[in-house]
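Dear colleague,

I am passing on the structure below, together with some notes on what came out of it. Please read them beside the coordinates.

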Amino acid sequence: MNPRADLLQGTLDLLILKTLALGPLHGWGIAKQIENLSREVLSIGQGSLYPALYRLEDRGLIASTWGTSSEGRRVKLYRLTASGKKGLAAEQTNWRLFAGAVEHVLAAT
Amino acid sequence: MRLILHRLRRRLRALLFREAVDCEMREELRIHIESETEYLMKTRGVSRGEASRLARIAFGGVDRFEEDIRDARGVRPLEEFIRDTKLAVRTLRRNPAFAGVAVLTLGIGLGAVTGIFSIINRVLLQPLPYTDADRLVEVRHRAPGLGLNETGLSLGTFFHYRTHSRMLEGLALYSESVLNLAGQESAERIHITNAGPELFDVLGVQPVLGRLYAERDWTGSNMDGRWKIPILLSYEFWQQRFGGDSAIIGRVLTINDTPREVFGVLPEGFPFPRKETQVWRMDMRDEAYADFAAFLDYAAVGRLREGVTTTMAAAELDRILPSIEGVFRDATAERIAEVGLKPLVLPLKEVVVGETGKALWILFGGMTFLLLVACANVANLFLVRSENRAREVAVRTALGAPRSALARLFLAESLVVSTLGALLGLALAGAGLRILVRFSPVELPRLEEVRLDAWAFGFTAAIMLLVAVTFGSLSLLRHTRSSTLAPAMKGGRGLAGADSRRRLVLDTIVAAQVALTLALLVGSALMVQSYFRLTEVDRGYNAHDVLTVEVGVPYRKAAQHQQLYQDVADRMQRIPGVMAVGAVSVLPLTGGGEEHLLRAADRNVQPDRVNAPVAFRFFVPGYFQTMQTEVVEGISFAPGDRTTLEHPVLVSETLARRLFSGERAIGRQVRRLDSEGEPVSLFDPATRKVVPLPPYTIAGVVRDVRDASLRARGGEAMYIPVIAPHVERSIMPTEMSFVLRTDPAAPGVAAAARRAVSDVDPTLSVARIRTMEAIVTASTATERFLAILLLIGGGAALLMGSVGIYGIAAYNVRRRTHEIGVRVALGAAPVEVMRMVLRESAVVVLCGAFAGLAIAVAGSRALHAILFEVSPTNPAVLAGVTALMVGIALAASLVPAQRAASTDPVQALRTD
């Protein structure tokens, strides 16, 4: 078993948005990308990935089209929309604020 | 906003193209697993089969994720709703008797209410088709000094109000007449409204063709015969008579031998003062010749200023009326005090709708009761059904159905039932309305506009939703506490009173049903009784086998009236099958006619009461014999009767009593008075002098006749025979209704009568030909309509009510089979068991009956105005209907009681 952290509620959205900010990806690709970027610490349960994608699409932060993956497979590609970019910036700020605050608490002696 | 649209689009897509969206989703998940498989094969070097297995394990159950994703799509509630509805339809189809009865019952109730609502909405609630129609009012007077409850305006009061009122923005006089329009070969009777240009200002109407007439068009007098009076045509008359020819403007039509010029055409459907009006004729009155109270028979329509109520306007007119003193020649302080005018300001709509409005609201109330009874019935059905479903519910709960799912299922079921009921109701209402508009059994303004419109659909939908939610929660109510499985699985066997709360709900519903049905039955019984009283009332004439023919004489032949009428009567007399002929200026129950003040000539001191106007009727000898109206004493003016009396007249019994206070009337003289109470004088061209009108001599007394309406006791009337040479020309009618007593077997009398008229003189016009019975029937149309519909409603309620009572009683017996079995086993006689069941029903029914009587008595005040010679609290009606209701209710519970009595204890105790 890899030492994997449970995803904090709400951070999944942030991670998806950040991943898509690097370029359009399909569902599996997003999961793998997050795993890679987090150095295998974060593993996305598929059960939460797809509902999250639908929610984000519903909120207009991401959009999807059917396209071809780098492996030449017909896949549903997700990309960041304009409001998704704004959303990402806001979420990022929030996260840093939160993480910093937690760090402060833990640093207490 | 864009986001909302975006979401809406997505949800709609998810809902409408569910298959496609689901397919897409599964495809995406498949790709995911495939990608993972290949990834595993590459990175771990395992076989494809092993990689695929690992990928699937990592993914977990596909189905669960599909559900989660569907949740995220946000259409889950709707999808579930559709699924619940499908389930509800399935369960209802398994129980067609329940579904059928519930839908039928609801459909009848909803249909009745929706139908009446559609009429009320169109006739009473929708504004009249004028600009700002809610500010239009009719101005009238009460004249207690003349014994008149309601009368119109005089010219004097009109000018006075128009000059001084600040609350009225405009006021216009109008009067109506029916005149001859000369055609190529024969004349035609047309409906005319006489009014000044201000009428169209007040109503706010513009012509579709030509222009309105204006004050400047009132240039000359028509004495020289060259000036043509301006007229406007109704759109319908223009279309029918002139084929919609736009060259009509400027054309001259000859109406009553006077040329009139067409100025314009009014918009289609313009219905003032009634939709039959074909021509509006310019009519201007001169204030210099106005009087205070000589003729109070002008109708007036006014427009209130913004924000002014009818009460405020009436108060203002009342305030400014006294200052009329001295303005007009007869406006003396004494005369004003004597007449005692009281201005009335009524909303125009109220006037247009009249008494029918009350009838419609009563009907609406009645049908609401019917709907409530229907709802109570369906509520019972749902409750009983939910009892019987205890097991099913328990199983569903045990298998993990949350309460919300049960609630949704019940709601879906009641929604399906009430939707079907609403659809059936709309269909019934639509059919009923079409029949109503087609046969128009009752004189209703704007009836032809009535149809099922968006309002009706909205109304039905609103009631339907209310009903659905109520029933759904009733079903759920039963299962709020059934969280434990045990008692339900045991079959709900319990002793009486084990669940008294539920019993109470059922009993209350039954009692309410009895109460509402009883109240509705009382209402319809009263209306039916009232209607029969009305038709059986002694009218003072025999309407059977009497044909009436309206005949008009051109004004220029006024000098020959008497001869023409006599000739027509003589010709008609010769038609085979005609037994008697006469004629009268105004037939009973048709309204209108002249009214004048009268005084006994030999009495200078008047009775303490101020004179009230008396109806003047002209008749061609033979009239009373044809109508079989008894002439109590004196000359009866049969055809050919001669008299030597000067200006002979007949008077009604009531009038004779008033004028001569019980003394003998024959041979006495009466004078016609003008508005100042002075005998009328006339200019005599022979002597070139103004001479008083000679008095009338009373030649006979006639029985009272119900003339104004069947409801009103015979009034005061004076009958003037049209015999040479003593008829005063100024009040001689240009129209007579001939009455023919015919042999019912004789064919073609109507056609022969029409020929007889044109044989005498082709310029005579024939208007309506009707039987006298049709006139009598038409006069009671509203009462008949109301009685029939209420009776149907009452019958339907009674049927539903008894079915409901039977159902509940049967259910109670079934539920207590076990208990009854124990009783029988312990030695209770069948009669005792039966009595017990009946007693329980009787308590509920009697409670309902008392409540119903209370509702009936409280509600009967609404009926009071429309009932005829029947007291709303008539003990016979109340007792009879109560007995009927209680009897039927008990009869309905008799069958279940018998079943209970014949319970076999062994069988019962074995019953689950």
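I begin with a pair of helices in chain B: helix 6 passes helix 13 in a left-handed crossing, a crossing being left-handed if the near helix is turned anticlockwise from the far one by less than a right angle, and right-handed if clockwise. The axes of helix 6 (residues 96-125) and helix 13 (residues 355-388) of chain B come within 9 Å and cross at roughly 160°, where axes are lines fitted to C-alpha atoms, for helices over the stretch in contact, and angles run from 0 to 180 degrees between N-to-C directions. That makes helix 6 of chain B roughly antiparallel to helix 13 of chain B, a term used for angles over 145 degrees.

The model is predicted, so local features need pLDDT of at least 70 and side-chain atom pairs count only at pLDDT 80 or more, while totals for chains, interfaces and linings use all residues. Residues are numbered from 1 along each chain as its sequence is written, and chains are lettered from A and ligands numbered from 1 in the order in which they are written.

Chain B as a whole has 28 helices and 24 strands, helices (H or I, at least four residues) and strands (E, at least two) being DSSP runs numbered from the N terminus. Its radius of gyration, taken over C-alpha atoms, is 38 Å, well over the 29 Å that the globule rule gives for 912 residues, so chain B is more spread out than a compact globule; the rule is 2.2 Å times the number of residues to the power 0.38. Along its principal axes, the C-alpha trace of chain B spans about 135 × 80 × 60 Å.

Helix 15 (residues 403-439) of chain B, with 37 residues, reaches 53 Å from its first C-alpha to its last, close to the expected 54 Å, which is 1.5 Å times one less than its number of residues. Just after helix 15 of chain B, B:Ser440 takes a positive phi of about 40°.

Some backbone details deserve a look, since most residues other than glycine have a negative phi, and most peptide bonds are trans. Both B:Phe637 and B:His647 lie in the loop between strand 16 and strand 17 of chain B. B:Phe637 has a positive phi of about 50°, and B:His647 has one near 45°. The peptide bond from B:Phe272 to B:Pro273 is cis, with omega near -10°, and B:Pro273 is found in the loop between strand 8 (258-265) and strand 9 (279-282) of chain B.

Best regards

Conventions
Angles under 35 degrees count as roughly parallel, over 145 as roughly antiparallel, 65 to 115 as roughly perpendicular and the rest as oblique.
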